[in-house]
Protein chains: 2
Amino acid sequence: MILSEQTHLKNSESEMRFYQGDCLDVLEQLPDSSIDLIMTSPPYADSRKNTYGGILPERYVEWFLPRAAQFLRVLKPTGTFILNIKEKVVEGERHTYVLELILALRKQGWLWTEEFIWHKKNAYPGKWPNRFRDSWERCLQFNKQRQFVMYQDAVKIPMGDWSKRRLKYLSDVDRHRDTSKAQSGFSKKVTNWLGRAQAYPTNVLHLATECTNKQHSAAFPAALPEWFIQLFTQVGDWVLDPFMGSGTTCHVAKKLERNSIGVDLHQVHVKLARGEL
Amino acid sequence: MILSEQTHLKNSESEMRFYQGDCLDVLEQLPDSSIDLIMTSPPYADSRKNTYGGILPERYVEWFLPRAAQFLRVLKPTGTFILNIKEKVVEGERHTYVLELILALRKQGWLWTEEFIWHKKNAYPGKWPNRFRDSWERCLQFNKQRQFVMYQDAVKIPMGDWSKRRLKYLSDVDRHRDTSKAQSGFSKKVTNWLGRAQAYPTNVLHLATECTNKQHSAAFPAALPEWFIQLFTQVGDWVLDPFMGSGTTCHVAKKLERNSIGVDLHQVHVKLARGEL
DNA sequence: AGCTCTTATGAATCATTGA
DNA sequence: GTCAATGATTCATAAGAGC
């Protein structure tokens with residue numbers, strides 16, 4: 001029943017596979033150690049009873065763990081699991097299920113390697129008497145072993161003010177010499193400067209949330225999976241999103257020529273990811 | 001033996017009291033429900049044996065809890081406890097003692113109201129094969145009850161580029177009167193000037209670490225306690241830093257006309273805070 | 001006064017060496 | 001072997017000097 005829902009969208013570069021169903025069941029059919037990166041934003045805990053797939057905060061860990069066991073199995077030993085998650089505020093307090101989940105995942109065998117902070121530059125507006133706007137989320141990194149693959153050069157970023165000033169200075173100095181010449185010489189020079197003026201990022205990511213998708217709110221902006229896919233995979237590797245939603249992760253993976261597998265409980269999401277809606 | 005170390009530095013606006021000793025003992029002499037804000041950066045866990053006051057990660061929670069019990073007692077019901085802390089990386093993993101501490105503090109009766117992110121703009125340099133530079137720390141907010149006092153208007157920040165330029169100009173003009181640091185600690189004058197172009201901040205704070213203190217490294221830049229003192233106290237209130245180090249929190253409190261109590265295990269820190277070195 | 005440029009340095013982490 | 005100390009790596013700032 002599940003594999004019949006599978007869709008192959010293959011081209012010369014990479015393929016996307018979409019499955020409808022609970023990842024707990026669907027992933028059983030994937031072989032061990034076959035995935036390079038699991039990047040997902042699971043359904044957040046929700047206290048509303050009749051919500052579409054909401055999980056009670058109190059039961060979040062027990063709901064998550066058997067699925068994480070499948071993640072652990074299908075992930076390559078050198079692979080990485082990135083979990084974008086945020087705790088819900090319940091009765092004025094941050095709920096502790098994310099903390100408990102981290103502890104439980106370690107007991108399951110995961111290493112809690114890092115916690116990246118996704119700083120949302122355009123936080124949702126609002127005002128409350130004893131709370132400011134929440135403008136960050138956790139991106140938890142888990143691994144199977146201390147030695148994992150990481151392609152740091154793929155996510156280098158332009159340096160800050162120093163290179164800007166440097167660049168401004170360069171363009172001022174070379175302006176009169178290069179204006180009459182062909183553009184290529186100058187631009188090459190600038191490119192070289194820019195090439196050197198790249199720095200490794202930190203564990204804080206500054207990204208705006210996307211406001212493009214008005215129909216279905218994306219769980220995260222494309223730039224988020226893009227960053228992690230470039231950091232933890234190479235062309236041709238396999239990316240898995242077990243709670244794909246509208247399929248952002250898979251489509252970004254395809255753009256970057258990675259193969260991907262997306263799973264979602266809801267048929268409407270699978271159709272959306274396939275582009276059938 | 002402890003109260004004899006007490007120093008009163010009183011003036012018309014506020015007083016600072018410094019005590020040498022373990023806050024576990026010193027705080028016993030403070031009355032119940034007398035403190036409006038506890039703002040502190042405790043000694044971080046440390047694996048080195050001979051370090052000056054280092055606590056093993058494995059024993060961090062059990063070391064912290066009895067002290068936190070005193071904090072709970074001396075804090076007013078409407079008061080706030082801000083804990084600036086970061087977990088150490090041990091054997092390639094983030095250690096879990098901070099997570100366990102949050103869970104243990106809740107069992108002790110604290111409410112885990114909020115987690116602010118202090119984004120350190122100038123993170124420590126370094127490069128490693130499977131880790132980026134760590135450029136953030138947690139500022140955990142705990143309360144005794146859901147109803148606590150919070151003065152949001154005191155930490156409004158200027159909006160947009162126009163006001164940034166305006167602010168720069170203003171700070172140049174009033175350099176000797178106002179702190180030149182952005183965002184926090186600005187006088188009412190600035191508030192009036194920029195009254196319209198102000199917004200409430202989020203729960204992400206962008207501050208550089210301070211590079212001024214060459215002798216003793218400050219645990220945090222003055223702007224950090226400044227922000228929380230303005231947010232959670234009024235003039236004349238009482239601020240406590242049970243691990244004061246060089247006394248940054250107390251001196252900021254005095255500047256803002258709050259009373260303060262600073263405690264530190266080491267005589268050299270107390271002398272430093274008093275200005276005797 | 002407004003720039004440009006130099007230099008020092010900050011709650012770091014990992015791999016290696018030595019006891 | 002285990003534990004502790006040392007060296008290599010490297011960027012955003014502020015402060016200060018020079019033009």
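The model is predicted, so local features need pLDDT of at least 70 and side-chain atom pairs count only at pLDDT 80 or more, whereas totals for chains, interfaces and linings use all residues. Residues are numbered from 1 along each chain as its sequence is written, chains are lettered from A and ligands numbered from 1 in the order in which they are written, and side-chain values use heavy atoms, with hydrogens and water left out.

**Figure 1. Relation of the two copies.** Chain B is superposed on chain A by a rotation of 179° with 0.0 Å of shift along its axis (RMSD 0.2 Å). The two copies are thus related as by a two-fold rotation axis. The superposition is by least squares on the C-alpha atoms of residues with pLDDT of at least 70 in both copies. B:Leu99 is the residue of chain B that comes closest to the rotation axis, its C-alpha lying at 3.0 Å.

**Figure 2. Composition of the contact surface.** Chain B contributes 45 residues and chain A 46 residues to the contact, defined by heavy atoms within 4.5 Å. Of the interface residues of chain B, 100% are also interface residues in chain A, so the copies meet through the same surface. Between the chains, 34 residue pairs are in polar contact (both at pLDDT 80 or more). A polar contact is a pair of N or O atoms within 3.5 Å; within protein, one must be able to donate a hydrogen and the other to accept it, and residues adjacent in sequence count only if both atoms are side-chain atoms.

**Figure 3. Salt bridge between A:Arg106 and B:Glu93.** Eight salt bridges are found across the interface of chain B and chain A, each a side-chain nitrogen of Lys or Arg within 4 Å of a carboxyl oxygen of Asp or Glu. In one of them, the side chains of A:Arg106 and B:Glu93 meet at 2.8 Å, N to O. A:Arg106 lies in helix α3 (residues 97-108) of chain A and B:Glu93 in strand β6 of chain B, so the pair joins two chains; helices (H or I, at least four residues) and strands (E, at least two) are DSSP runs, numbered from the N terminus. A:Arg106 is partly exposed, with a relative accessible area of 32%, whereas B:Glu93 is buried at 9%. Buried denotes under 20% relative accessible area, exposed over 50%, and partly exposed in between (1.4 Å probe, protein chains only).

**Figure 4. Salt bridge between A:Glu114 and B:Arg131.** The side chains of A:Glu114 and B:Arg131 form a salt bridge at 3.6 Å, N to O. This pair also joins two chains, because A:Glu114 lies in strand β7 (residues 111-120) of chain A and B:Arg131 in the loop between β7 and β8 of chain B. A:Glu114 is buried, with a relative accessible area of 4%, and B:Arg131 counts as buried at 16%.

Figure 5. The structure holds zero disulfides over all chains, a disulfide being a pair of cysteine sulfur atoms within 2.5 Å. The cysteine sulfur closest to that of A:Cys139 belongs to A:Cys250 and is 17 Å away, too far for a bond. A:Cys139 is buried, with a relative accessible area of 1%.
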